[in-house]
Structure formats: C-alpha cells, structure tokens
Amino acid sequence: MEQELNQVVQAIAIASDPSQVALHQQALQFLSTVQQNAENTWRLALAVFVETNPNGSRKHAAQARFYALRVLDEFLDNRFEPLDDDSFQTLRQGLVTYIQSEYIYGSAEMDASFLRNKFAHTLTLFFLCTYMDQWPTFFTDLFTLIRPAESTSQTTYNQHVSLLFFHIVLEISGEVADQMIKSARQFSQARQARDARVRDAVRDRDAGRINEAVLTIVADGAERMTALRKAGTASAGSRELDGAVEVVDWGVRTFASYVGWIDINLTVTPTTVPLLFSLLSDLSLAIRLATSAALLRITSKGLKEPGDKLQLIKVLSLGQVLDALEAKTRLEQATRESDVDEGEESYREALGRLLNVLGLELCKLVEEATTDDVRSEASQLLDQILPVMLRFMADEYDDTASTVFPFLQNVLSNYKRGRKTSSEPLEESKRTFLTSLLRVVLQKLKWEEDSDPDDMDEDDKAAFEDLRKDLRTFTDSTHVIEPSLVTDAVRTLVLNTFTAYRNGATVKWNDAELAVYLVYSFGEINKSGSKGRAAFCLSSSVAKEKRKEADYSEYPLTPHGEMLYAMIESGISAYPHKTVVMQFFEAAARYGDFFKVRKECIMPTLQAMMDARGLHNPESNMRARVFYLFQRFIREDRNEISPELAVSLIEGMRDLLTVQVELPEIEEGQDLLSEAITNPGIFDSQLYIFETAGILVSLLYKTPGQASAFLLSIVKPLLEDLSASLQAVKGAGDVVPILKVHHIIMALGNVAKGFPDYPSPVPEGYISPPLEVFTEIAQAILVCLEAMNIFKVIRDATRFAFARIIGTTGPTITHLIPPLMANLLAHFEPSELVDFMNFIGLLIHKLQDDMFSVLDQLIGPLNAHITGLLVQPANGTDDELARADTKKAYLALLNQILTSKLQGIFTSERNNTQLEGLLATMRQLVEDVSDPASQKAALSFFGRSPAVNGDAQTQTLPGFERFIYEAVIPTAFAILSSPQYNIKDGQMLTVLHEIAHLLQTVLKTRGEEAFNFFGNVFLPSQGWPADTIVDFTTKLRDLEPKAFRKYFADFVRASRAGS
C-alpha cells in the first residue's frame, strides 16, 4: 500500500506542476482512474489525508490531501446502503482521530483553510450514509469534542470543533432540506427517500440537542465578544475577538439553515428571540447580516394554522424592531453623506428584505385567514409597517428600495381586489398611504442629478430603466385603485415644473426630464382613458362622422392634453441637456393625436426637430433616433401639414438626403461587404428621412407639377450618384461603390414608401402621384440590377425597392416586371428563395391580373425547384428550419394565386402538363401528419380551388374536381384515423377544422353531386353504418360552419375513442 500511496502522491505533484509537460496528461489520467475506482482506493485516500509525521504534522501536501477527500467523496456520495462494518469502523476511527489531533490539539488546518470546508462536506456525506443505522450517536460524539478537554486550560467551547460542527450542520441542511441544491442535481428517488429518512431521524433524535448546542455556543461567543470589546483591542485580544465573531457569525448562519425544517417551538423561545434581536444590531456587519437571514427564515416558515403564524409574528414583534432599525440606519446613512459604506448599505438591504417577507406573510394572512380575528389583527399589523416600507422604498440606493417591491405589489393587488367588490369611497387610511406612495414613486422616478445617462455604464442605465418600469407598474396599480390621485399628483408636478421653467426659474435637469418623462408615460398609466383625439380634449359631443372636420381648439383639454400643451408652450425643448430634449421628442412623436386638437403646437415642435436639437444634432446617435421620431411625427400628423409647410420642411432637410456609407471594423476571415450590410451604421436610421421626404412630397398632390418637380429634385442627385457608383464598380473588391449602389436603391424605395398606396379600383377624381418620376427610378434600379445581378445585396435591395415602388405606382411599371424577374433569377442563392416568394406574393396582391403573364412563366420552374428541395434529405437543424420556411412561403404563394383568381396559370399551354405533379405534391403535404401547419395550408389550397369554391359547371381546372373526390377527401379522412393524429394537439385540431371547412365547401358548391358522392359512394365504401351516414351528411349540409366544426371534432373524438 505504501508504494501505491507514493504513486498517488507523486501523480498529484506532477499534475499540480505545469512544467511537467511530458507526464502531466499521464498523471491526470492516473488520478482520474483512482477516483473512479473509489470503491477500492478509498483506504489509500484516507491514509493520504490523515497520515502524520513523527512530529505530528501532516505527512502529505495540502493538494494531495484535498484530492484524497475527493476520492472519499466519490466513495460516499450516492451511497444508500450501509457500509460493511470494517469499512465503517475504519472510516469512523480515522476521521474522529483526525478531528481530535487537528481540531482539538492542532491548528485546524490553519495553513490550508480550504481543507476545512472540504472535510466538513466529506464528513457530512459519511454522516448521511451511517446516521440511520451505524452511527446514531454522531452528534453526541461530536458534542463531547466541542466541550473543553480536562487536560487543557481552555474555559470556553473549542472554537475549531465548534466551527466544524456548524459547517457540518450547514452541509446537512443543504443536502436534506435545501430545495435549490436539490433541484440543481440530477433527481434520484433513492437519494430523495434517504434524505427524507435522515431529516426525520434528526428531528426525532437530535434536533433539540443540535439547536441547544448551536444557541449555547452562540450565546457564549456573544458574551465573550461583549467582554473583549469592553477590555479593549490589544493584539492578542483582537485575534480572540475575531475568533468569537467568527463563531457567532457561523453559529447564526447554522441556526438559519435549519429553522425551516425543525420544530418552530425549538427555535423561537423566550431565550432565542432576545438573543437574535441583540445580534441584529451588533457591531459586526457579518453577524447582523447572518441574523437578518435567520429571522427572515423564521418569518417565512410555513405553518399549517393561520393563527399559529400570526402568533409567531406577534412574538417576534419584527415590525417595531425594523421600524427602529430603519430609522437608526437612515440617520447613519445621512451622517455619512457622500461617503458610501457598501457594507452598511447591504445591511439596510437585508433589513428591507426582512420587512418584505414580514409584509408578504401578513398579506397572506389577510387574504387567506378563515377567521375574522386573525384577519383583523393581521390587517392592523400590516398597516403599522406600511410607513416603514415607504421609508425603505425612498432609500437613495435602488437596490435597497427594490427589496420591498414584492410586498408593495401585494398590498396594491389587495387594494385593487377590494375596489372591484366595493363601490364605497376609498378608506381614508388607504388614500393617505397611496398619496405618500405616489410622493415616493415620483421622487424615485428621477435620475440622480450628478449622473449622466449618456456616459453611464450600459448595465447601470438598463437597471435604472428597469426600476422605472417597476415604479410605473405601481403607479398603474394606484391609478386603477383611485385614478384621481395619480392624475392630480402627476399633473401638479408636471405643470409646476413647466411653469417654473417658462417663468425663468432654475429647474434642475433631472426635474425637467422627470416632468417630460411623466408626460411621455402618462398614456401608459392611464390605460382606461379615451383613445385618439378624445385622450387629449373633452370632445365626446362630436359625432363620429364629423370628427375629422371638427375644430377641436374650442374644446377643453384633458389632464394629459394640458400636460402636453404645457410641455410645448414652456419651451422645454430648448433645455440645455440632451436627455431632456430627447425625452421631449419621444413624447411628441408618441402622442400625434394631440397635435390634431391643438394645431398651434405643431410648428414649435417641428422647429425643435429640424434644428441642431434634432435632425441636425452634431451627435450621430441622437440624430439617428430623431430621424425615426421625425418620420413618426410627420406620418401621424401629415393631414395637419399644409403644402407650404411641407415645402419648407423639405428644404430644411435637403442636406440630409445624401447617402452615407460607413465601413465597419472587421475581424480576420469576415467578409467586409456582408458585415457592412449587417452593420450599416446610421444609414438604417437615414432611411426614415427618405421616407419622410416622400410623405412631404405626397402632400403636394393637389399641384401635380409642383409634386413632380420636388420629387425629381430629391431623387435626381440620388440617381446621379447611383450612376456614378455603378460605373465605379469593377469587381467584387469595390466594396464602397457596391454599398453606395445598395444604399441608394434602398433610399429610393423608401422615398416611394412615403407616398400613399395606389388605390384599387381607382376612384373618380384620383390624382396620381408623379408616375413618370417613379418609372424613371424603377428603370434606373433595373439598370443597376442588370449590371450587378451577381451581387446578392443588390438583388435584395432591388426587391426591397420595387416592393415599395409598386405599392405607390400600381400597374404603371408592370412592363418592368419580366426583366426584373429575369435578373433576380439569373443568380440565385437558396437563402433568397423565401424572400423571393414573399416578393412575388406582394406583387400579386398589388398587381392582380397584371401578374398573369409573369406568373405563367415563373410557376413551372418554381414548382419544379421547390418539389426538388422538398424531396432532398435535411442536413441538420438549420436545414430543417430553412425547409420549413420555404414550404410555408410556397404554400402561401399558391394560396394567394387562387385567392387572386389567377389559377389559369396552372392550366395554361405552358404549364398544363405539370398540374398533375403539383396536385400530387399538395396531396403529400396533406398526408404529412408531422407538419400540421403545412397540412392546413395544403387543405386550404384545395378548398380555394375553383372546382371546389366555384360552381358545378366551373371547368377552369379540368379534372380538378375528380382529384378532390378521389384523392383529397379520402386522404383527409385517412389523416383523422391515423395513429399519429392527436386531436388534443392544438395545431392538429386546426387541421380538423380545415377539413371540416373543405367538406362543407365541396358540398355547398358542388351541390347534389357532392351530396350523392358522400352519401352513396365514399362513406359507404368506408364501412359507415347507414344511419351514421344520414346523420353526418345532413349535418354537413345544414349546420353553420362553427357548429359543424364542433360536431365534427366531437364525432372524430368519439370515433377514435371507440376504435
């Protein structure tokens, strides 16, 4: 054994030495084998851990001994049967001897403190294996070691063994009762049962003695702390004091670990409560934090009877204690001023968490108690701690303030439930509390004056935004309980702030920002308020049909309208702090309907947006955001903008209508063009400006010549730049000109997007947009595509632009679609297929019959391509997802063709030979039970076919009705009887509903022919009884769709249950 032991020790030394390159891996493999073979090597490990030199020091290095404990852990963990007697005695003797020599007479691993924790864990695993049957006196034996030995001069409990005892109890609590630890490891029924037996046995045998020992040692340590503090802090005394503090700290932590799973009558006594409260205000921060955690565990302990829980809360009197400690720590916090003491702040956090749990438990009693006495008393105690909660919530440190949020949310939920069941006025005590709460919330919503949101750490900024969301939730709840309280508080703060600013008073930036933020968020708070113009002015007397023409300036404003009006009139948009200005823009863009009732507010808002505060801001990130907000504002209020103002705005933003190309920094192996498209810098935001230009030009529609001239003046520089960039592209390496072409095409598309959609049908008196200019734009883009169709980014940009141009021009540029398609398909990547089909679908929607010839040429090759893709095996998850997207887009396109009555392309001279193959593919999709979404879409295709959805004389798709009768309907019924079909699955139920729709549509449109088919041909061939056939066909014919779907689903359920 000596030789094997030396081998292990040497291997550990090699594994711990990075310089031993040649043998390092071999040593690790050897040690892994030893550990995995712990059933046979544990004795070796025990020897490595406990062996001593002649002078009593440990023979082996700390790393070797740590590894030895890992082997012992491997041997003991997950062992649910008793050890054989020899193994048990060997282990017990070795471990107890080690404790005596190291913890009583030795230094308790002073030079390797990490071994103490590891040993406590190993000893706990040994305890779990042996306590039930082999070592029931485990704690009794341990207690004898804690008491002072007669041969020593020690008069107090052995500190080292006491700490070992605490660590072991902590480990035991973690193993048998900590749900977090249990959920983190793999579930084992045997382990669960063993841990439960051990937990019950400890309760029965030793819980009282464990608790007594812990509290006795803690009380003894507390007395020593008091005595040593009085005696002063000489060096030796200081070390002794640190030792006493460590014992008390770990003792209280140990107490906290088991209060949740042993009898409450043991842990809460006339002795323990005063001890804990004295420690809760101890000089040692660690002890205070540990005590707070212990009291939290006691408070949250589950008790069966509400009366018992109430009694526990009364015995603890935590409300009064926390009230006093909150006041004390708040005063200390104020005394420190700007000197932050993170330790003391963590103590206030702990107190806040303790109050939060106390509050939640009282709320639970108020809600769930079955007796009025308990409910009433709990309610009184709850009311007493509400002011304390608000004081914690008002703490300048957000981490402390947020500790009581769950408690507050519970209180507000309770109030809301009460308001729903009562029409009585709100109780004065609740009104007073809510008023105080709003004061705290409005203060907490404010940025700190010395913070700079633009220069903040992103995590800190996100944390404050999250805090604001939480606080707004409380405001929302308060608004539900008593709307006038919130409205009055917010309105008063906002109007006072704006009035002060307008009058020239000094307003701090964070006060100004808060006022604007409250205006911005009030619409979310006032969820129950009116919508549209009615949210901002009291105009309920205006008839619905006259709302667009009415003059709203004569109607009084709502509180929100007053706040918005005051915000704009105050000139706060000129405040010299960008956070305030940006919040102003956010609020103005969000509430476009306000400007329809107070049109005089439009000009000052636009002036702010147009100058250096907004669109011309020197900071690109602010400029980029305003590009979007400006577009949103103009789009929402375009009907309030006169042609003269539109012209002025176009001129004011003309300098922004040049395309900017930014190249990102790339890493080795990355493609510069792809990365530049993925990270385009400000260009993504600049697209909003081009769209806004289109909106403004469209407002000149009453003077077509002027509209055409202005549009041309905007796009001509872009077209010239496009031509120059096209000529500069000589190959794939010319990234900047390629990007320029891509960006300009996108920009031109967004200019078109700003115009209204081309109407269908065209109404009388319709004034067309400048179609000749858009035709010129489309032709220029097509020239670029023809020259650069090898570049995917250009193909993508062209689809993007044409989709928007066609939306504006309608069929005007239909003649460009064939060359567009030819060039889009000249070079084609699989990843473009879905986008291409969606693009075709959009063209069908916009152009309808004008797409017939294009589709006639396209559908055959497209069908062949898709069918080929679907039969190929998928290579991995990404391939499967791509295929699913392709199938979805393909089915959507086919259904759109039928919806637009373009089904003639399937039977044209060019494509009629492929119809049978298409129908077979669709039938296969219907049969695929693994993909309910595609099944439903394929069934929808058959349901929309003219043979089904037309009349019995429709012959647009010859042979189609025969395919419906002979293939589709039998397949549909086969699906519903398939073992893989699960009617409980929501998606599969929608397939059943689609089948029901198909059957009713066939019967409705094919009439007697279909009725005879079901009643005399198909259903009899399936072996249906005659009376079932009659009942089914009658209901199929007579029931409304919704009723038939329900009947059909019940019918299928019953049929499958009986089969």
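**Aromatic pairs and a helix contact**

Tyr98 and Phe119 are both buried (under 20% relative accessible area, with exposed meaning over 50% and partly exposed in between, for a 1.4 Å probe and protein chains only). The model is predicted, so local features need pLDDT of at least 70 and side-chain atom pairs count only at pLDDT 80 or more, while totals for chains, interfaces and linings use all residues. Residues are numbered from 1 along each chain as its sequence is written, and side-chain values use heavy atoms, without hydrogens and water.

Rings of Phe, Tyr and Trp (its six-membered ring) pair if their centres lie within 6.5 Å; planes under 30 degrees apart count as stacked, over 60 as edge-to-face and the rest as tilted. The count by this rule is 53 aromatic pairs. Tyr98 and Phe119 form an edge-to-face pair, at 4.7 Å centre to centre and 65° between the planes. Phe165 and Phe166 form a tilted pair, with 5.7 Å between centres and 40° between the planes. Phe165 has 0% relative accessibility and therefore counts as buried; Phe166 is also buried, at 0%. One aromatic cluster includes Tyr965, Phe973 and Trp1024.

Helices α31 (residues 643-653) and α33 (residues 683-698) pack at about 155°, with axes 9 Å apart. Helices are DSSP runs (H or I, at least four residues) numbered from the N terminus, and axes are lines fitted to C-alpha atoms over the stretch in contact, with angles from 0 to 180 degrees between N-to-C directions. Helices α31 and α33 are therefore roughly antiparallel (over 145 degrees). The contact (heavy atoms within 4.5 Å) involves residues including Leu649 of α31 and Leu696 of α33.

Conventions:
Helices (H or I, at least four residues) and strands (E, at least two) are DSSP runs, numbered from the N terminus. Angles under 35 degrees count as roughly parallel, over 145 as roughly antiparallel, 65 to 115 as roughly perpendicular and the rest as oblique.
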